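Subject: Structure handover

Hello,

Please find the structure below, followed by notes on what was found in it.

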Amino acid sequence: ASAASASGEDAATSSAAATVAVAAPSVAVALSEDGALVLVASDNVARLWSPEMRLDLQTLKGHAGAIGAVAFSADGESALTGSADTTAKLWSVATGDCLRTLEGHSAAIIAVALPSASSALTASADHSARLWCLQGGASLELKGHTAAVNASALSPDGKLVLTGSSDKSAKLWKSDSGECCRTFSGHLAWITAATFACDGLWALTASEDTSARLWDVESGTRLRNFAGHAEGLSSAVVSRDAKYLLTASADRTARLWSVESSECLRVCEGHADVVKFAFFLDGPQRQAQIRILQQPPKPPRPQHTLDREVIFTASVDCTASAWTAQGHERLQTLRGHTSWVRSVAFCPDGRHVLTGSADSSAKLWVAERGQCVQTLRGHKGPVNSAEFSHDASVVLTASDDRTARLWRLDADASTSVVQWTMKGHKGPVKAAIFFPGSTSDILTACGDHIVRIWSAGAQECVNCTGHSAAVNSVALLEGASSSSSSSSSTTASTMLVASASADHTVRLWDRRGGECRFTFRGHKAAVNSVQSSFDGALLVCASDDSSASVWGVATGRVLRRFKGHSSRVLSAVFSPDALVVLTASADRTAKLWSMESGGCLSTVAGHTAQLNAAVFSGSDGKAFALLKAGTSAQPDAQSALPRALVLTASDDCSAKVWDSSTGVCLKTLQGHKSRVVFAAFSSNGAWAVTTSSDATAKLWDVQHDFRPRTLRGHAARVGSAAFSPDGTRLLTASDDGNILCWSVEAGRRLGELTGHTDAVNSVVFSPDGVLIASASCDHLVRVWSNISGQCIGVLRGHEHFVKAAAFSADGASLVSASNDRTARLWCAESGICRCTFTGHESSVTAAVLCTSGQIVLTASNDRTARLWSADTGECKYIFRDAFDGWVQAVSLSRVGACSCGCALGVLAATGHDKTLRLWCAETGSSRGVFKPPCAEADAEGGGGGGGD
């Protein structure tokens, strides 16, 4: 989609545009009314995407055919998709659930619209359009066209329906009776788009005849003709002020026109293919997109690794406990309170822990020893929260006795005095927090429905009123602005206050005046906690409805909803990098959730009663080091690893080493900060390599307990790597278009292979180590000399991204796999294509040659693997009906040759169903399935743990 600005001078001069890249050719795209969401459909799946957060929010699955049309409702709460399976589906944007399926058409649905909350419009290849009542599912059929109906629209007053058809005409229909009241004729080819403009006074049509036309609705006369595109039009839209027209065309351009003069004001060039849609970013859309494109850089996020993280939990069992975030090992238990522990907090330096309890006290603990060094007494009711100031000199507590207190600590934290008691609350104080960098500016949440902002030097506090029930939690947002804020009122750092209430809502407030800026609605029960991310862009909330949710502050929309607890969720917090959410529940567990996938990463269980809170130790790992000090190291059960190993790479940022004979996981290789996309052993088995989306590769020393070494130098995702046959060199290929050469022993960079103009997807050595082959998104395979580092051949012929390349055993031939659904066999020396293998129904993801060079094995996104004759290109065998997802990689073993001349085993790995499968290449019979324990748990529980 291409975007142009909305009105006035900006429409003719603005050059800012945003481009969304999709993995497959997009069939349809829609932009929500507020500009916060994009809906893109490809094949039979539609995806909701947040431009501001750069996140896939929901995947809409359920259609049996390709989706050809998508649309949002005006409020952005619902989406409508139309498919070749003859149905339209209504979806919840928040949950991704299908709310209703509209059935009645007898052919593919080409266009859809959601003109109101109660009605929908569909246009179909069955020569009809239908106006649907969403509540009952009944429809009014509009039939009269003699060819497919490609577009439909409802007038602003809801009285007329406009349709455009392949019969070269557009028609007006009465929405109450379905009677055709006018036909617009004059286009020389089929009409591709039709809509109302100027408050329903005009009808706009776009056609394959390269023109767009404006019509007077009342009289049916043509008002304007817009001609100038070199090929047919895909879409057309008039700006809200009716001054400009925007068209999209198959000539790879969008054009901006003056409605008054019919002159073309600008040609928007840059797309490499058909421009399917173009939108004006007017009103809220324009403000949202300008905020995305022009907002100042956000503060850098702290580095955070889960393996150095400690989780602290507070429980009704009167204890607080420290746990490792990954191994779930209980490091420490803090005992001493005589009633529920309601809160837990870390000192900034990681040396002390602070707990608040229903026994009316707060306790200060030495983290390393679990020893209580001080008890803060004085409150006359349960202490609901307790936290440290930024410099650890002051402690703040909130209590059911309707007060909050400041406690001044001495240098060694052994004694304290009450510095200030905040009185005036008319109910229990549920929470109290410091403003960043301050020891006297304080925010409190109260059971009297009020949020109060306190300053030590002020006589009175600022009251934020508006909640209709108790305020349970408060948070501060740094560097964020609410979705309702205009450019003139954008708040500065720490100027927004967030509050969570038992009235099921979260509210944003102006710190200075206490004015409510925005209300987040979506939970079905009391909201117990709220916390902001490091950069202030996100809010995470915990609710009595057994879920936690993450909201975008700028858009006011739910980005993630975490469901999995069996009872109410009492606390939810972000990890320092905002990539993980930690929740604590009355079901006695804490859970770690992935922001990227929305799945549960792990569950911490061990308490004997409900958990009231759970927190991360911090990003510097100090608490981890202190708590682990003095604990005996566990003996390494895998010190002597067997020879037959399998290495897998996962989206969970790790790689795993498996025993191939038993399927048991022997070792988890951790350290990457993003998904691990590739893993391999060196030929001598002494080294392993992993590559990641974090732009690094890691070398693992197998003989020394997989000790890691990080290789840095790429500027983007490292997608592939290859060891030289002698194991002394390593090549890494990256999306930055470069290939780097490394010394394996020294971990030192030796050189660089440059020449590709797009991402390099695969790199491989020839068996003798003389040649190197690389496959790239620039549609090319390049052959390089390993001795000189020079490119000695360019293999041309593929029509799309080349995903992989592999040499034959003698190095004379080369096979490549491409997104153009083919694999090709090449002569490595001359670069001549010897054979093209066609038959896959989707992208070919991998291809290999058997030892004899007579058989080619391919893997595809069509969920099959295929065996081909290298001489004739004939498909010998199809491995199908066993894969629940895309087949991402294949390999042929080198021993136990079958009668056909190829190896005995075929190893096929799929990223969707999380399995590895072994087959006999001769008979096609299954020889074994490897399924990680996490995948089995997901299958049994329906959870979302782990990655592909």
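**The largest cavity**

Strand β49 gives the most to the lining of the largest cavity, with four residues. This is a predicted model, in which local features need pLDDT of at least 70 and side-chain atom pairs count only at pLDDT 80 or more, while totals for chains, interfaces and linings use all residues. Residues are numbered from 1 along each chain as its sequence is written, and side-chain values use heavy atoms, with hydrogens and water left out.

The structure holds one cavity of 30 Å³ or more. A cavity is a set of points, on a 1 Å grid over the protein atoms alone, where a 1.4 Å probe fits but cannot get out; lining residues have an atom within 4 Å of a point. The volume of the largest cavity is about 40 Å³, a volume being the space filled by probe spheres set on the points, which are joined across faces, edges and corners. Its lining consists of Leu37, Leu48, Leu57, Gln58, Val93, Ala94, Val558, Leu559, Arg560 and Arg561. Two or more of the lining residues come from each of β5 (55-61) and β49 (557-563).

**The protein overall**

The secondary structure comes to four helices and 81 strands; these are DSSP runs numbered from the N terminus, with helices (H or I) of at least four residues and strands (E) of at least two. Of the 948 residues, 56% are buried, meaning under 20% relative accessible area with a 1.4 Å probe and protein chains only; exposed means over 50%, and partly exposed lies in between.

Strands β31 (residues 352-357) and β32 (residues 361-366) run antiparallel and are joined by five bridges. Histidine 352 has valine 366 in β32 as its bridge partner.

**Glycine 378**

Glycine 378 sits in the loop between β33 and β34 (383-388). Leaving aside neighbours within four places in sequence, glycine 378 is in contact with Arg405 and Trp407, contact meaning heavy atoms within 4.5 Å.

Regards

Terms used: Two strands pair if DSSP finds at least two bridges between them. On a 1 Å grid over the protein atoms alone, a cavity is a set of points where a 1.4 Å probe fits but cannot get out, and a pocket is an open set with protein on both sides within 12 Å along at least five of seven lines; lining residues have an atom within 4 Å of a point.
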